Amino acid sequence: MIADDTSDGIRSSAGTTDGRCAAGDDPRADTLLATLDSLPRETLLAQARALRDQGHGRTIGYSRKVFVPLTRLCRDVCAYCTFAAVPGEVPAAYLTPDQVLEIARAGAKLGCKEALFTLGDKPELRYRSAREALAARGHATTVDYVEEMCRLVLEETGLLPHVNAGVMTEDEIARLRRVSVSQGIMLESVSPRLFARGGPHYGSPDKDPAVRLEMIAAAGRQQVPFTSGILIGIGETRRDRIASLVALRDLHEQYGHLQEIIIQNFRAKPDTRMAAADEPDFDELMWTAAAARIVLGPDMHIQVPPNLSYERFPELLDAGIDDWGGVSPVTPDHVNPEAPWPQIERLARKTEDNEKILVERLAAYPSYVEDAARWIDPALHGAVMRHADSEGFARSDFWVVGADTIPPTLFRAAPPAHHTVELDRILDRAEVGTEPTEAEIVRLFAARGDEFDLVCRRADALREKVCGDQVSWVVTRNINYTNVCTYRCKFCAFSKGKTSENLRGKPYNLEIAEVQRRVDEAWHRGGTEVCLQGGIHPEYTGQTYLDICKAIRAVAPGMHIHAFSPLEIFQGAATLGLSLREFLIALKEAGLGSLPGTAAEILDDEVRAIICPDKLTTAQWLEVVGTAHEVGLRTTATIMFGHVDRPVHWARHILHVRRLQERTGGFTEWVPLPFVPMEAPMFLRAKARMGPTWREAVLMHAVGRLALHPLITNIQASWVKLGPHGIAACLDAGVNDLGGTLMEETISRAAGAMHGQEMAPYQFTDIIRDAGRKPRPRTTLYGTPPESRTRASFQAAPLAPSVNTPAKKFERDPEPPARAAGP
């Protein structure tokens with residue numbers, strides 16, 4: 001039952017100089033309440049839903065967590081709480097480190113990313129047993145122990161701590177910021193009446209509204225992603241709730257740190273002073289959630305715990321909420337043990353029944369993850385990036401680029417049931433070849449659930465219309481003539497030198513005779529193309545590249561030479577004092593047939609400044625490739641994604657490629673190259689994500705098909721990165737080409753890829769036929785090779801061992817011998 005609003009003047013024991021919590025007297029609450037109360041119920045809910053959809057679309061979040069009740073002792077005596085206990089009611093004052101790790105490890109095994117530390121407030125100030133337990137572990141305060149346990153969980157399990165440790169000082173907040181990605185405290189209410197004698201918070205010093213508001217402000221000053229909220233049904237009025245929401249809104253407008261507001265409904269529990277109190281009815285919960293959305297606006301995340309509404313929880317989506325909070329597959333809700341969490345699969349199904357998409361998030365919400373430099377301690381960046389996807393949500397699968405694992409099944413048997421008019425409009429525009437906007441491409445990359453299925457289906461329908469059922473591949477040999485490189489790309493595990501990461505092999509520099517031998521061998525194995533790239537060797541000039549072309553032409557005049565990245569072209573021209581045009585014409589005359597469009601990485605200088613600061617700029621890459629097209633040398637178009645980049649960067653990259661293609665028509669195909677993380681220096685230094693998720697990897701092909709239509713008609717999937725199962729799945733997402741046989745591969749393997757060095761023609765045909773498609777051998781420029789070449793490729797002899805000539809002068813100096821012990 002909602003109390004009458006008659007107690008604004010009741011004094012608080014702390015607060016402003018006149019004895020009140022000023023937030024409780026805010027006159028804006030009266031105006032807002034009058035407006036909200038004047039709205040019919042359906043109008044109120046409709047406005048809340050519209051605001052939610054404006055800010056969050058169809059996404060409904062949740063966090064997969066474990067609940068770590070570090071201590072149930074508490075100095076407060078709230079009238080409704082069964083979590084707090086006294087020393088005789090618990091086996092020990094605090095969980096031991098082993099108990100904490102047992103909980104955390106169980107969660108990690110089931111895919112949890114969050115460790116929620118919830119505990120009683122400052123029990124050491126009330127109970128000697130708490131002080132003695134802390135002292136035995138070398139601590140003076142509970143916060144000290146929380147800090148130790150957060151660090152332990154981070155280091156041992158990788159779970160991201162979120163801390164609800166009660167009221168803390170600003171110094172304590174700052175200390176816990178170093179070991180947690182987010183913190184929180186429920187405001188509950190600004191009403192001083194609840195804190196007075198007879199109220200549910202009487203005798204609980206940490207429930208003083210002024211004290212709690214000051215702590216929330218302190219968290220803002222410390223730039224901590226923070227959770228707060230209100231508890232309804234404990235004797236407050238509707239006006240009190242609105243005043244509380246306004247107070248939280250003011251703090252967020254000042255500091256920007258409130259990542260979510262929880263609307264939690266009181267549940268009466270046995271053996272408490274409020275065991276017989278009336279609970280707020282469901283309509284009152286709906287009204288409050290909708291009011292919170294309207295007061296706090298479209299961008300705020302509004303959460304209502306689903307377990308406290310039992311079977312009616314799906315209806316809460318009608319009130320404009322966008323988050324279900326933490327849900328655990330391991331631990332109960334220790335604060336409300338009578339209300340079990342809904343199973344995550346059921347939560348997803350009920351969310352989808354309401355035409356929304358359930359998306360897992362981290363303890364820190366996506367906008368705070370994306371702006372980690374401001375909001376998250378640098379020591380935690382690596383742990384956050386390991387769990388995050390490109391939008392700052394949680395990684396949705398355990399698939400890793402290059403790893404020998406089967407990707408998850410995301411496609412659905414039936415056509416998608418729900419999607420938005422907006423998404424349909426974007427897809428319709430793509431199908432008629434209209435250039436998409438940056439925002440439209442970003443929207444396509446945001447597709448999840450049934451929307452993911454829709455985007456892939458539409459991309460594949462477009463593939464069928466443009467390319468038919470044929471799937472092509474080229475018989476090629478990959479030759480990386482040197483791994484010595486003066487550039488220091490942060491993602492590259494291939495390049496070697498005295499200051500590089502000396503991973504997976506020594507520096508080498510192939511002799512021309514070995515290059516010729518490999519080319520000749522490829523020709524006899526049915527090859528129609530050799531693909532050559534290497535590091536930027538300090539002793540190479542443009543003449544080196546000219547000599548390589550001439551040497552290849554001498555032993556295999558019929559072989560197509562597909563060689564030299566735009567970076568090599570840029571460097572080669574500079575060493576000879578030639579313009580790009582002059583050097584490219586010289587290469588063409590020496591036998592060069594086309595260029596790989598590599599070294600593109602992400603065509604956005606914001607990203608390039610992080611991952612390859614000494615490499616070509618976006619403008620320089622486009623200049624090299626555009627000039628190549630102008631002189632009659634066609635190129636591929638690649639994108640290397642899934643590290644520090646985001647969908648907006650992918651959109652800019654795609655638009656650069658599309659606009660250049662519209663001008664020159666020189667791109668032969670779109671080639672997504674997902675980042676292989678395992679041995680990449682930037683990943684080993686915790687400066688990159690674990691590559692794209694499987695959803696993102698598939699979408700890069702599907703969105704490429706849609707956004708580049710009709711200018712680029714061939715979309716290629718890389719078996720080196722995705723593996724046989726991965727490329728087979730991408731055939732349902734707009735792909736019509738599977739790249740080359742390669743014969744040998746070193747760059748992706750150096751980064752940790754495990755899919756081998758060669759995909760034989762018969763393997764391509766098996767994969768393609770199993771997908772119900774028609775195999776088609778091709779040339780580099782998508783012509784049909786002579787039958788004799790194809791026949792030879794199916795009868796190829798095993799490769800002879802390759803010889804990599806050591807480049808000893810570029811090897812890292814050996815470590816000096818250890819000094820003997822003693823004087």
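Modeller: Let's start with a definition: contact means heavy atoms within 4.5 Å. With that in hand, what covers the buried residues of α29 includes α17 (512-524), α28 (761-770) and β18 (774-778). Keep in mind that this is a predicted model.

Colleague: Which residues of α29 are the buried ones, and what makes them count as buried?

Modeller: Buried means under 20% relative accessible area. In helix α29 (residues 787-794), that label goes to Arg789, Thr790, Ala792 and Ser793. They span an arc of only 160° around the axis, so they lie on the same side of α29.

Colleague: Why is β12 called largely enclosed?

Modeller: Strand β12 covers residues 529-533, and five of the five are buried, so the rest of the structure largely encloses it. Glu529, Cys531 and Gln533 point one way, Val530 and Leu532 point the other way, and all are buried.

Colleague: How do you know which strands β12 pairs with?

Modeller: Two strands pair if DSSP finds at least two bridges between them. β11 (residues 476-480) and β12 have five bridges, in the parallel sense, with isoleucine 479 opposite leucine 532. β12 and β13 (residues 560-563) have four, again in the parallel sense, and there glutamate 529 stands opposite histidine 560. From β12 the chain crosses through helix α18 (residues 542-555) to β13, and this β-α-β crossover is right-handed.

Colleague: What makes the crossover right-handed?

Modeller: Point the strands away from you: the label applies if the path from the first strand over the helix to the second runs clockwise. The path from β12 over α18 to β13 is right-handed in that sense.

Colleague: What is the order of strands in the open sheet, and why are β11 and β16 said to stand at the edges?

Modeller: The order is β11-β12-β13-β14-β15-β16, six strands with parallel pairing. β11 and β16 (667-674) each have a single partner strand, so one side of each has no neighbour in the sheet. The twist averages 25° from one strand to the next. As for the partner of β16, six bridges join it to β15 (residues 634-641), running parallel, and threonine 635 stands opposite phenylalanine 667.

Colleague: What about β3: how many of its residues are buried, and which strands does it pair with?

Modeller: Four of the five residues of β3 (residues 160-164) are buried, and the strand is mostly covered. β2 (residues 114-118) is joined to β3 by five bridges and runs parallel to it, with leucine 116 opposite histidine 162. β4 (residues 182-184) is parallel to β3 too, joined by two bridges; the cut-off is at least two, so this counts as a pair. Here serine 182 is the bridge partner of histidine 162. The chain gets from β3 to β4 through helix α6 (residues 170-177), in a β-α-β crossover that is right-handed.

Definitions and conventions: Residues are numbered from 1 along each chain as its sequence is written. This is a predicted model: local features need pLDDT of at least 70, side-chain atom pairs count only at pLDDT 80 or more; totals for chains, interfaces and linings use all residues. Side-chain values use heavy atoms; hydrogens and water are left out. Buried means under 20% relative accessible area, exposed over 50%, partly exposed in between (1.4 Å probe, protein chains only). Axes are lines fitted to C-alpha atoms, for helices over the stretch in contact, and angles run from 0 to 180 degrees between N-to-C directions. The arc is that of the directions from the helix axis to the C-beta atoms.
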